[in-house]
Protein chains: 2
Amino acid sequence: MAGKSVTTSRRGILRAGLAAGVALPAAALSARAQGGPDPLITEVQDWARYTGEGVDETPYGLPIRFESDVVRRNVPWLTADPISSINFTPIHALDGTITPAGCAFERHHSGAIELAKPDYRLMVNGLVDRPLVFTYEDLERFPRHSGVYFCECAANTGMEWAGAQLNGSQFTHGMIHNMEYVGIPLKTLLDEAGVKPEGKWIYVEGADASSNGRSIPIEKALDDCMVAFKANGEALRKEHGYPARLVVPGWEGNLWVKWLRRIEVTDGPVESREETSKYTDTLADGTSRKWTWVMDAKSVVTAPSPQVPIRHGNGPLVITGLAWSGRGAITRVDVSVDGGKTWKTARLAAPGQPMQMTRFWLDHDWQGEEMLLQSRAMDDTGYVQPTKSALRAIRGENSVYHNNAIQTWWIKQDGSAENVEVS
Amino acid sequence: MAGKSVTTSRRGILRAGLAAGVALPAAALSARAQGGPDPLITEVQDWARYTGEGVDETPYGLPIRFESDVVRRNVPWLTADPISSINFTPIHALDGTITPAGCAFERHHSGAIELAKPDYRLMVNGLVDRPLVFTYEDLERFPRHSGVYFCECAANTGMEWAGAQLNGSQFTHGMIHNMEYVGIPLKTLLDEAGVKPEGKWIYVEGADASSNGRSIPIEKALDDCMVAFKANGEALRKEHGYPARLVVPGWEGNLWVKWLRRIEVTDGPVESREETSKYTDTLADGTSRKWTWVMDAKSVVTAPSPQVPIRHGNGPLVITGLAWSGRGAITRVDVSVDGGKTWKTARLAAPGQPMQMTRFWLDHDWQGEEMLLQSRAMDDTGYVQPTKSALRAIRGENSVYHNNAIQTWWIKQDGSAENVEVS
């Protein structure tokens, strides 16, 4: 593929291709190094001869058939459910920061229910002056707000506590999405009901069989939590909690209760299953971390990675990835190609914004060398994403959740990639 | 529906409902004004008894069936084509700013073609030092950039030059979308080829039969134009120009050539059909405006509007809409309920950003009165969206394009809405 290779030079990214004698003077239709003119540009193609398809048959479209790789996937052995209850975002194949709803990860505990807007009710009760029941239509009448937030399952990357297990960024890091939400501040509804002075927590539950009840401190509830009914412009998808879900910016995905049914103001936490049996981590000394609400700063190189090997040969390589922090905004992401010995600061697509995803890129001149590819995120609290060994030293070996350690991809000379750990 | 009505009060948005004797004390399960307890919140529903659906059967999902209103629509008589060549975004039903790709407007001139990545070629030729031909794979190797931009057809709202014609914001203003693009700056490719000093324009064309060739000044080409291959995280949709299209921030949608095939550097404009026969406007004095590239500041109340009447009765009403400017950032949007006699400044969901959509809201206490609902946008150049009469005074009666006039919806006492003009 020498004729098609592109190499860097100081004067131009692809210029060395010319130095190697691979000029592509299209006007003269001269040959590429490996043979005659490129008919794909010199000849009139079928798609330029005939009318393409109309679009009126696709009032709501799907991606083109060639993009069939860009789908949610699951790992059959991961949970005990007969049907998979986790489906991962294909982050290996995306760029930018917005996650398309159609392939955005979801996690459920009793299936995705169909709950129509006319049937939807939201109760606010407990330690309030006025218990209230809202219809969906009621919710649409309150002053709206919007925000772009990442939603990450606390168990994202959880399998990797045990070692380099899953072979692909979709599987190691794909329990996450980033969407623009529109809804009403939870504070609005709590103010409407009137929180009593002894109300210090809320307990939120969904309308599905699992109910997924969680306790949240009142300070967070009154801060930036939102009852959202739009994601990326349109209604929530069924699997994302249609018609309304809780949005808890920067905090564990499990708190973002879907098909939100009830908010009870309480004087203490309920200690539900989802915050005792689950969503706690046993440390080496036998005690457990709990109320580990905030998603720590984290990043991953989404490509190249096992599902997306380097296929184009030597020369310019775009290393792309995502970074996010539940504590605030990402300020910097560094990338290493030597397993953390040396680091280069990556370009951020845009300045980091609080509790939403940041896209980073590093433009690398790859000469076919093996790489141990890593990224390391920093947020505006000064927090730095830790190595796996540093994290294990603190948390022990029995954690399930909150694995935000630096991820390593071993890129081989043929461009293929494998999930590995480095000390 | 008196029991369900919600009215405003100084102390709480819904509090007056209580003053009217419509308390909803959920814990006591007491009756709503019109009858017994609300079983939708007091009784266990089917969706809480049984497991919902798995999501592994939807690797790429679609919206829930209840949202079947939120689709692209067309206006059969609008163009001469046997198949509709314009399909409008359902802006009446969306909120936020991101347009979901599946229902994002599209406009074609010879159908939407299927062009696979391996078959894709992009030529840069003309007044350049080195004519070049890029494969899709080549494009993915250059340094990437991203940006959120609106894309508006210059003919958006064009039908309304002739009067208040189409009954719905989707039809009057739906030739527009707003997406996050990832791609490479056009400057990168032009620098790679080396623009000669006499190169003052570019001519861009697509791979479809219509080719849709347009001339663009070199300054704009080297400024913020992008060859984009991702929209809202994933590949462009077929109908949006897969696998690569030109992005020309703030400028006419027609310039955003889809299935981008060739960029020729020229010393002058080509004067193609798309910039002579089309995309020009005849003024009253018989001369024509041409090279009307920049999309002027514009806004519209998306709801309430003819497709989205007010159904909930008196009290709090959310008036929602969109604003955008091709010259920069929206700084302010005003809303009038009396046909432009008086104005209130709306809330912006977020500070305006250059050449991307801004969402605005006005929270209004509607008492069943008739309204002549309008919005008026301002951008950071000081430009103010004009009235229809002011615009017609300047442009005459024979324009097709660039109708950015203030839109009026006549909201009637029963909450229905109609497209009207006011002087």
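1. A polar contact is a pair of N or O atoms within 3.5 Å; within protein, one atom must be able to donate a hydrogen and the other to accept it, and residues adjacent in sequence count only if both atoms are side-chain atoms. By this rule, 36 residue pairs, both members at pLDDT 80 or more, are in polar contact across the interface of chain B and chain A.

2. The model is predicted: local features need pLDDT of at least 70, side-chain atom pairs count only at pLDDT 80 or more, and totals for chains, interfaces and linings use all residues. Residues are numbered from 1 along each chain as its sequence is written, chains are lettered from A and ligands numbered from 1 in the order in which they are written, and side-chain values use heavy atoms, with hydrogens and water left out.

3. Two copies of a chain are related by a rotation about an axis and a shift along it. Here chain B is superposed on chain A by a rotation of 180 degrees with 0.0 Å of shift along the axis, and the RMSD is 0.0 Å. This is the relation of a two-fold axis. The superposition is by least squares on the C-alpha atoms of residues with pLDDT of at least 70 in both copies.

4. How many residues does each chain bring to the contact? Chain B gives 110 residues and chain A gives 109 residues, where contact means heavy atoms within 4.5 Å. Of the interface residues of chain B, 99% are also interface residues in chain A, so the copies meet through the same surface.

5. The size of an interface is often given as the accessible area lost when the parts come together. Chain B and chain A bury about 9800 Å² between them, with 58% of it on carbon and sulfur atoms. Ile41(B), Trp47(B) and Arg141(B) supply 9% of the area that chain B buries against chain A, more than any other three residues. Buried area is the accessible area (1.4 Å probe) that two parts lose on being put together, summed over both.

6. A salt bridge is a side-chain nitrogen of Lys or Arg within 4 Å of a carboxyl oxygen of Asp or Glu. The structure holds 56 salt bridges over all chains, and the rule finds 8 salt bridges across the interface of chain B and chain A. The side of chain B that touches chain A has 49 nonpolar, 26 polar and 35 charged residues. In this count Ala, Val, Leu, Ile, Met, Phe, Trp, Tyr, Cys and Pro are nonpolar, Asp, Glu, Lys and Arg are charged, and the others, Gly among them, are polar. Arg144(B) and Asp95(A) form a salt bridge through their side chains (2.6 Å, N to O).

7. Within chain A, a salt bridge joins the side chains of Asp46(A) and Arg49(A) at 3.9 Å, N to O. Both residues lie in helix H3 (residues 46–49) of chain A, 3 residues apart, about one turn of the helix. Glu205(A) and Arg261(A) also meet in a salt bridge (3.1 Å, N to O). Glu205(A) lies in strand S7 (residues 201–206) and Arg261(A) in strand S12 (residues 260–266) of chain A, so the pair ties together parts that are 56 residues apart in sequence. Helices (H or I, at least four residues) and strands (E, at least two) are DSSP runs, numbered from the N terminus.

8. Most residues other than glycine have a negative phi, and most peptide bonds are trans. The peptide bond from Ala303(A) to Pro304(A) is cis, with omega near -5 degrees. Pro304(A) is in the loop between strand S15 (298–303) and strand S16 (315–324) of chain A. Ser211(A), which is not a glycine, has a positive phi, near 60 degrees, and is found in the loop between S7 and strand S8 (214–217) of chain A.
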